[in-house]
Amino acid sequence: MGDLLTDEALAWIGRSDPPIYVEVSRRDIVKYAMSTEQILDKYLKGDEAPPMFVASLSRDVAPLADLGPDGIPEASLTPDLPLKRVMAGGVEFDFHRTVHPGDVLVFERSLSALTEKQGRTGPLIFVTHTISCRTEAGEPVLDQKQTRILR
Amino acid sequence: MVDFSKLKVGDALPERSYTATNVSLFCYNAAIWNPHRIHYDERYTTEVEKHPAIVIDGPLQGDWLSQVVVNWIGDDASLVSFGYSNRKASYLGETLTSGGTITSIDPSTGDVTLDIHIRNENGEITSPGTAVVRFQV
């Protein structure tokens, strides 16, 4: 395959970030539910979190000074790669439990794969992160595999 | 109310159309705290990242895909797994339609698998996905 992924970059596979603790608030659920045009009352009232809301909670919230020219903070757990433009790829979830206001969730993220592919308009790098979410008490909430595409 | 005993492979789930606007994308990206400029800065999006227009977030389309499932099951079943890929970008001004079909039913476990999709106005599937839901049996 191509030569975009150096040994140094590939050595990042398997690294993980310190856990992220997130306290779920009803207001945040409601904002998410409104902006995504949910129709179920349990989401619109914030009694339960829509599944994709939970996925958004592991996003970095960085100081403005740390945002790059594209607006995104420098990605943790991603080595310096020769392709810079970020596209959303895909995501897979296994759900174990619903999420409600007041839940304290613990997200643990690791870099699980770096893959080079040839796209229609040029080379692409697929960056795959694995994210596990548990409650503070250790109860499984969801397991997520998330892919970003660099072009 | 979904009646598990009456489900058939090939049954279609309700479709729904979404037309994102600058305002809806602002609210969504604020809600998930996504400062990527391709969702609100048109000049940067077209001149620097070379998109034809403001980009509709992939995860937002992922949410619309999840809604095909959760809005259909309500509280009659639970969402076990769900996945999708964003195969083709979609841009501000497009109307996207979500939908899905039942691909398998397991009467012993109550598991129902679904193909779900986002389709653009040209009829192209831009984001295909799958989901598994579990009914109490």
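Just after α2(A), Glu37(A) takes a positive phi of about 60°. Helices like this one are DSSP runs of H or I with at least four residues, strands are runs of E with at least two, and both are numbered from the N terminus. This is a predicted model, where local features need pLDDT of at least 70 and side-chain atom pairs count only at pLDDT 80 or more, while totals for chains, interfaces and linings use all residues. Residues count from 1 along each chain as its sequence is written, and chains are lettered from A and ligands numbered from 1 in the order in which they are written.

Now back up into the helix itself. In α2(A), Asp28(A), Ile29(A), Tyr32(A), Ala33(A) and Ser35(A) are buried (20 or more other C-beta atoms within 10 Å of the residue's own, with C-beta atoms placed from the backbone). Their cover includes α3 (41-44) and α4 of chain A, along with α1 (22-32) of chain B.

α2(A) and α1(B) pack with their axes 9 Å apart, at an angle of about 150°; axes here are lines fitted to C-alpha atoms over the stretch in contact, and angles run from 0 to 180 degrees between N-to-C directions. So α2(A) is roughly antiparallel to α1(B), a label for angles over 145 degrees. On the α2(A) side the contact is made by Lys31(A), Tyr32(A), Met34(A) and Ser35(A), and on the α1(B) side by Ser24(B), Cys27(B), Tyr28(B), Ala31(B) and Ile32(B). Contact means C-beta atoms, placed from the backbone, within 7 Å.

Zoom out to the whole interface: 29 residues of chain A are in contact with 32 residues of chain B. On the chain A side, the elements giving two or more residues are α2 (26-35), α4 (51-56) and β2 (86-95). β2(A) supplies the largest share, nine residues. By class, this side of chain A has 15 nonpolar, seven polar and seven charged residues (nonpolar being Ala, Val, Leu, Ile, Met, Phe, Trp, Tyr, Cys and Pro, charged being Asp, Glu, Lys and Arg, and polar the others, Gly among them).

What about the inside? The largest nonpolar core has 50 residues, and Val54(A), Cys133(A), Val69(B) and Ala131(B) touch the most other members. Such a core is a set of buried Ala, Val, Leu, Ile, Met, Phe, Trp, Tyr and Cys residues joined through C-beta atoms within 7 Å. Helix α3 (residues 58-73) of chain B gives the largest share of this core, six residues. Leaving aside neighbours within four places in sequence, Val69(B) is in contact with Leu79(B), Phe82(B), Leu114(B), Ile116(B), Ala131(B) and Val133(B).

Conventions
Two residues are in contact if their C-beta atoms, placed from the backbone, lie within 7 Å. A residue is buried if 20 or more other C-beta atoms lie within 10 Å of its own, exposed if 12 or fewer, and partly exposed in between; C-beta atoms are placed from the backbone. Angles under 35 degrees count as roughly parallel, over 145 as roughly antiparallel, 65 to 115 as roughly perpendicular and the rest as oblique.
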